[in-house]
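Opening the notebook on a new chain.

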Amino acid sequence: MTSPRIKRSLWTLAVPLFYTHLCCCFNLDSQQPLVFHGEAAAHFGHRVCQFGQAGNESVVVSAPLQANRTGHVYSCRFGTGQCERISLPGDAGIAMGLTLACDNKQLAVCGPQLQHDCDPIPYLNGFCVLLGPGFAVKETLRPAFQECRDSGLDAVILFDDSQSISDTDFQTMIQFIKDVLRNFTDPKSQVAVAQYSTNIRTVFSFNTFVSNRNPNSLLRNVPHTQGQTHTPSAIKYVLDNVFTKEQGMRQESKKLLVVITDGKSNDPKEKFENVIPLAESRGIIRYAIGVGKQISKQELKTIASSPKDVFEVNSFEALNSILKQLGEKIFAIEGTNKKSNFTSFQLELSQGGFSAAVTEESILFGAVGSFDWSGGFVEIRGGDLHGTFINASSREPEFADSYLGYALAVAQLAEGRVYFAGAPRHTHRGTVLGFKKGRSAWEVAWRLNGTQLGSYFGAELCVLDVTGDGRTDLLLIGAPLFHEPGTGGEVTVCTIASEGFPNCSSSLRGSPGNEHGRFGTAIAATPDLDGDGIPDLAVGAPHEDERGGSLYIFLGHRRGVHTQHSQKVQGASVRSGLQFFGQSVHSAGDLSWDGLADVAVGARGAAVVLRSQPVINVSVAMTFTPNAITENNFHCARPIMSSTQPATIATVCIAITAVHAGKLSSGLSARVNVSVRLEPQAKTSRLLFVPGDPTTHWTGTVNDSACYNISIIVPACISDYSPVPLSGNFTVEGERMKVTDGLRPILTPRCLTTFADQVLLEQVCGEDQVCVSDLGVTINFTSPMVIASPRYTVIVQVAITNLGEDAYGTEMALIYHSALSFTKASVTQSTWRSSLSCSGDDRQVNSTVVRRASCQVSASVLKERAKVTLHAFFTVSHPELLEDHLQLNVSVQSKNENLTLEDNFDSSTVPVLLPVDIVVEDADSTYNIIFLETSQTSSNMEHSYKVKNVGDVDLPVDMTFIVPVELRSGFVWNVSAPADKDCIRLGDLHPTPEQSLNDNRTTSLEKFCNGTLCLHFGCKIDRLTRNQEVTFTFLGNIIRNPESQKNGVQVTAESWSFLSFDERKYIQFPSSSVNRFSVNTVLEVPRQDSLVGIIVGSVIGGLVILIIISLAMAKMGFFKKPETEQNDDKTETKELEMEKETEL
């Protein structure tokens, strides 16, 4: 029966068939490959290696499953296209060629499936052959080989379960047997258990123990038979039925019988003197354990091999007291009494040669199955063919099942060699150990751990020297089962140095979307492919494209490897039907004798040679004739030339140079396509190519170099004198070269396929050819104040002058308060063609949010001596944010002003007034007084003023009143100040006759006095709130003097009110509101002779009006009864008539 351990070792051996090496190179020709075919079922192409002296190289290809897994290795030559089998020693079934490793002097070929029978299991080691030039066998090696040793111990425990043993003691004995079983620590030991009383039975055999060593499981539910004590018959049963090959006993093993009993035998069938000699003749060592006081010491001595093999205890509870002693005797029989970190195999399943690394000084062979698959590797140096076994088992107890040595690499550092070994199954995440030579042994110096479960981190290793100093700079670690969405496999790039821990901060990945591609299955260094003198890197992903496989090239640089691949070769593009392309790869020399490195790539049933192609560089240069376009051809002050007349001619020259061409550096040519564009970032180019397009194209074949001309025209005058940018790009396709079987030059990936230049315009700024502007700016408000009212328009006038030479990119910036919103700006006057393009934004300056409007002044150039005047318009959007004063700042700048900046800034400030709306109006004043009787000498007269705040601002108000007291024609008004108001009499006014309201020569209040004497009052309103009304009433008798008045006198009594407030803070807004108001009363004394006429006329007029009104009402039916009432009257009359008739 094959053990689970053996099964797993066979599966592990098959893993390299799917997790294998890969390499590729930058400029590989996948169109003309050389393909060597072999048997796919034999896994031809599993490993490839370029080997041989210069001029005699061949590709070594292995087929490890050929000839019933014996394995064959072939030498395939580029010149003949044929493969020949290499004759190698070795046993059948060893899978020769499962491992290949070589340098330019020696080739190591291994078959890590060397099986040899060592009872009871076959050992699985390895066999390797070391070949020299011409494939001559130098050495045959068996790394980590284990010779057959003794076959271990077969022990049987026979226990008494007779009726004299209680159930409790029976369970105690079963537990003791379990403890004894746990003392069989040697993996080569086997145990069987039998029980006896009257009847005898096997509890479990050796075969059962081999497949299940768990005591609790083996001794679960053992029955207690409780019969007689038939000890001799039980021993005879064990000899005949347990110690047999059928039950798993090994012929060469040591034999041990342990008998446990609690009393004297009463067996009627067999006797000790008949069965003990049978046990002795078979070399069975016997221990006797007696329990209790009913035992027979003589029987115990008879059963045991010697008196020292007898154990006695007083009770079943005391069995544990002999457990240690019994265990030591069992260990002595097993051949060891020392525990180790691992309790199973050592080198029995080492699979030496599972991997290999070849250097001039030493050869390493991986032994992944060593020490319970913790793994390790063997170093072979000089003539020591046995080598040194190196592992981490004694230092790393948790290394069981880690497969250390799955991949190997040798790094050369300043202080010596470092051996790197991958352990992809360590803690299921994988790890890589770096070993340095200590004083007496190799020691673990570095430990690089994987991070993802099941990623197989460390399944492939590769080292690179990118600096060319002979020392290793990079360690690359493959994790082909790494997975993320869209990613299948990863390669970690570690920078290593003599001092310090490796820096593994970067990684490589394949193309997205290949989640099962197993990128990183193979990693290999390649010679320099792109001509920079630095080796490059190839990474294989044999499961990409549904197992068609792919090969990636990553170019090296002085500090590492570019993380973006420069080339990807898919198996399907090389040859239709290829499977697992890239499962192995190697590149060490020139197979095709053209001086360029070639690459051998393994696939299932094929080995592919991909040739590298010459690498070229292409450069583009431009010149202009004339060097700069003259001012006469573009300046707006000059007449524009014909659109067909070239202003300059551009000459474009393309040159091809060999970068890495080997022996093919002559005769390189390529098809080049060039595109050029003028001002690629502009909507409209200032210049055009003939016949009138900003873009031009050219295509031609270039051998070494080629030039062509392009004419450039000026379609319209130019005000932007800055150089005109020009950009271009090109594509290159190499022409096939003769006598190379289809090779063509390839553009180096370091070549920039874009270029840029500029077309110069003749400077118009003096002899120094450098324009230096001198800008100045001023700003002024067009109004003396700003009113804090929503949507109030604020206008500023800005004047920009250029006292220097032409200014490029002139820009004006207005910094304004956040209470304003920028509306627009427009040019009002300019001495140069000017335009404005403005935009605004918010900015925070010193914790205050301000706003900024930026305006590009003129399209591109502000001419020298030019002056531009403009108005900038703002509206008040947040009046509540305004303070007492408003300041606007302006700045102006250009791209070519350096020192004269002191006048590039200005500011202007105006006061901010709050808008108020106060209305003064009449409040039921006396409008007319007529003295009808000559005896009437007085009448009451009232002038009332109503002051109302119809605005939104509360404010204090002052009112001034001028009230006439002595009027002309002898009228006198005995007036008093308003009651309950804060009013005082300020004085008297005596106007002169020539003063009037139309007299603008004076501003005194006397001209508002309507009489010979007026009183002057002043009144205060401390706070006139919104919608509040305050009434001021002036009341008194108006007295007439009949002596001084004549009949027919008419006089107007006029008083005035004047509204005032703090005009430093407030303004009447809108301006339609007025600050003064008057009240008039007409005083009239009619003529006496017209008084009767007035009375008669009044009576007649009143009658006429009454008649007219009556007629109008009658016509409208006002005096008629409603129709319902008339009907009611008729009905009532009829009823009366009927009543009279009844009485009669």
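Predicted model: local features only at pLDDT ≥ 70, side-chain atom pairs only at ≥ 80, totals over all residues.

**Surface and overall make-up**

I started with the accessible surface of the protein chain, which comes to about 53400 Å², with 49% of it belonging to carbon and sulfur atoms. Areas are Shrake-Rupley with a 1.4 Å probe, and for residues only the protein chains shown count as cover.

Residues are numbered from 1 along each chain as its sequence is written, and side-chain values use heavy atoms, with hydrogens and water left out.

Next I looked up burial: of the 1144 residues in the protein chain, 51% count as buried (under 20% relative accessible area; exposed is over 50%, partly exposed in between, 1.4 Å probe, protein chains only). I find 14 helices and 69 strands in the protein chain (DSSP runs numbered from the N terminus: helices are H or I with at least four residues, strands are E with at least two). For contacts (heavy atoms within 4.5 Å), I took those in the protein chain with a separation of 6 or more; residues 24 or more positions apart account for 69% of them.

**Salt bridges**

How many salt bridges does a search of the whole structure find? I get 24, counting a side-chain nitrogen of Lys or Arg within 4 Å of a carboxyl oxygen of Asp or Glu. Side chains of opposite charge can pair when their charged atoms come close.

I looked at R509 and E490, whose closest N and O atoms are 3.0 Å apart in a salt bridge. R509 sits in the loop between β27 (503-508) and β28 (522-526) and E490 in strand β26 (residues 487-495), so the pair ties together parts 19 residues apart in sequence. R509 is partly exposed at 28% relative accessibility, whereas E490 is buried at 11%.

Then D530 and R750: a salt bridge, closest N and O atoms 2.9 Å apart. D530 is in the loop between β28 and β29 (536-541) and R750 in the loop between β45 (746-747) and β46 (754-761), so this pair ties together parts 220 residues apart in sequence. D530 is buried at 1% relative accessibility, while R750 is partly exposed at 45%.

I also noted D988 with R985, at 2.5 Å between the closest N and O atoms; D988 is partly exposed at 39%. E361, E379 and R417 are linked in a network of salt bridges.

**Strand β62**

Is β62 largely enclosed or left open by the rest of the structure? Nine of the twelve residues of this strand (residues 955-966) are buried, so it is largely enclosed. I checked its pairing (at least two DSSP bridges between two strands). Ten bridges join β62 to β65 (residues 1013-1024), running antiparallel, and there D958 stands opposite K1020. Five bridges join β62 to β67 (residues 1049-1060), also antiparallel, with F961 opposite S1057.

**A four-stranded sheet**

I traced an open antiparallel sheet of four strands, in the order β47-β49-β56-β52. β47 (775-781) and β52 (820-830) stand at the edges with a single partner strand each, so one side of each is left without a neighbour in the sheet. Neighbouring strands here are turned by 20 degrees against each other on average, direction ignored (axes are lines fitted to C-alpha atoms, for helices over the stretch in contact; angles run from 0 to 180 degrees between N-to-C directions). Inside the sheet, β49 (residues 793-802) and β56 (residues 867-876) pair antiparallel over nine bridges, with V794 bridging to F874 in β56.
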